[in-house]
Amino acid sequence: MQGIDKRGDPIICRCNDVTESEIVEVIKKGFTDIEEIKRLLRIGMGPCQGRTCIPLVMRIIARETGVNVDEITPPTSRPPIIPIPIEVARKAAE
Amino acid sequence: MKKGYEVVIVGGGIIGNAVAYYLAKEGQKDVLVIEKNYISSGSTGRCAGGIRQQWDSEANIRLAMGSVKIFEGLEDELGFPTEFYQGGYLLLAHTPEHMEWFKKRVELQRSLGLDVRLIDPKEAKDIVPYINTEGLLGATFCPTDGHANPFYVTFGYYKKAQELGVHYLIGKEVAGIEVRESRIRAVILSDGSRVEARNLVNAAGGHARDIARMAGIDIPVNPQRHEILVTEPIGHLFDPLIISFKQGIYFRQELNGGVLMGYGDPEEPWSYNVRSTSRFLFNMTKKVTEVMPILDQVRVLRQWAGLYAMTPDAQPIIGGVEEVEGYYQAVGFSGHGFMVGPKTSELLAELILTGKTSLSLEHLSHKRFKEGKGKIEKAVI
Ligand SMILES: Cc1cc2nc3c(=O)[nH]c(=O)nc-3n(C[C@H](O)[C@H](O)[C@H](O)COP(=O)(O)OP(=O)(O)OC[C@H]3O[C@@H](n4cnc5c(N)ncnc54)[C@H](O)[C@@H]3O)c2cc1C
Ligand code: FES
């Protein structure tokens, strides 16, 4: 499962090193939309495209705001599906 | 929700939030912002965050210089991080025509007090060692240009405006505007509800023309898709945002190490389409490696697109209109509304509150198109 940082705070987004308490903190500040949280903390923007962290973040939002997880729409995912080297993309143009 | 407001703002991008903040800061707190998706969901949240003062037109230079001054103190003013970073902008010229144009531009910019200079390829390479100088004739560099985090800046204005008493309606769409006896009266939401408004601010970005039309006003603002991509974070390679007019591209390194890059496709039609294409991925990577070959080894992480709100002279339209009293707009930024957002919004709030502005907006008025006065801004990418 997830790692734990030095203060015992679970790391939710491993790609961008974001812990559970950081997520709870922005929710407490009033940012409850997953798109807003994504942009404030860069969760879901790492090489795994959020496959690891987004489901966990959705559960935290549900817990903190008292809504059902099913009511939360996951954020839009962005292509490419896996990171692609510039050299490969560039040569595809030729 | 109250029955009516002194000012209703349509759009929760940098402009809508900043205008709301400056109105409230100057004492007008009876303000409602309506955003149909979420804060920063429009062009603002899709933009590259670049902040440049090196423009062609005096109006753009002044707005950008005024905004940089605001950006410098914004973190303290809003009590919110902005990631504002002044790494400069390096603009590259590969043809004699571009060199001539660069020289003229620098002269005008310097006359307005901007710290900018024309440099030779060697100095450009000193600033950015990884740059390919083959065929490069010269460059301009302004060290006080830079970038900021568009989400942070917008969320910062949003939080502060709320703290000062501004109301927000998020997830509601404006579907109509009531105008009677040539004066703004109310806005109608898509769920049929009605909110009275003495003044209305059109800050709807790529959708600004639709909002104006609801008030019976036609504005020459058209949406055009612009694509962008970001690489995985890599070690620090370069400080400035780089624009190469030869390839028509811009790219910069984010504070976390990712490299953001984009270009404008002159063939792109007017539309609301914001889908990404593989064509962009292929062409962008080819163009950027012509300017910085070392990027070949880096991997692309994500690509997306947003709208530029284009006007015929590529300059924004800011202020009121003669036809409808109480209607105001800050629209048509043609791809540079983030960087001029702070000063523009401050001036628009000033206009709404006092009827005049401390910096003339005459060249950016709606009237200019009727009078045929617009001077085309050529430095848009
Ligand atoms: C790829 C790309 C890169 C860019 N790079 C830069 C850059 O480096 N530097 C720079 O300065 N600029 C850049 N820009 C331009 C910049 O993003 C825009 O000029 C700026 O964000 C405009 O801000 P805004 O608040 O006017 O519009 P937006 O951010 O688009 O906000 C308008 C809001 O209005 C809402 N809205 C629309 N219609 C309605 C309705 N009927 N009811 C309720 N709400 C509605 C939308 O949902 C939207 O959130 C870039 C743009 C793109 C697309
Ligand atoms: S774990 Fe969050 S983006 Fe990969």
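Trainee: Which stretch of chain B does UniProt list as "domain: FAD dependent oxidoreductase"?

Mentor: The unreviewed UniProt entry gives residues 7-351 of chain B for that domain. Keep in mind that we're looking at a predicted model, and that such annotations may be inferred rather than shown by experiment. Over residues 7-351 the chain is 30% helix and 28% strand, with the end C-alpha atoms 13 Å apart.

Trainee: And where does the "transmembrane region" annotation sit?

Mentor: The unreviewed UniProt entry puts that label on residues 7-24 of chain B. In the model, residues 7-24 come out as 61% helix and 22% strand, and their end C-alpha atoms are 11 Å apart.

Trainee: What does the secondary structure of chain B come to?

Mentor: Nine helices and 18 strands.

Trainee: Why is chain B called as compact as a globular protein of that length?

Mentor: Set the value against the rule: 2.2 Å times the number of residues to the power 0.38. For 381 residues that gives 21 Å, and the radius of gyration of chain B is 21 Å too, so the chain counts as that compact. The C-alpha box along the principal axes is roughly 65 × 40 × 40 Å.

Trainee: What makes a residue count as buried, and how many of the 381 do?

Mentor: The cut-off is under 20% relative accessible area. In chain B, 60% of the 381 residues count as buried.

Trainee: What share of the contacts with a separation of 6 or more comes from residues 24 or more positions apart?

Mentor: In chain B, 74%. A contact here means heavy atoms within 4.5 Å.

Key
Residues numbered from 1 in each chain as written. Chains lettered and ligands numbered in written order. Predicted model: local features only at pLDDT ≥ 70, side-chain atom pairs only at ≥ 80, totals over all residues. Heavy atoms only, no water. Helix = DSSP H or I, 4+ residues; strand = E, 2+ residues; numbered from the N terminus. Buried < 20%, exposed > 50% of the residue type's maximum accessible area, 1.4 Å probe, protein only.
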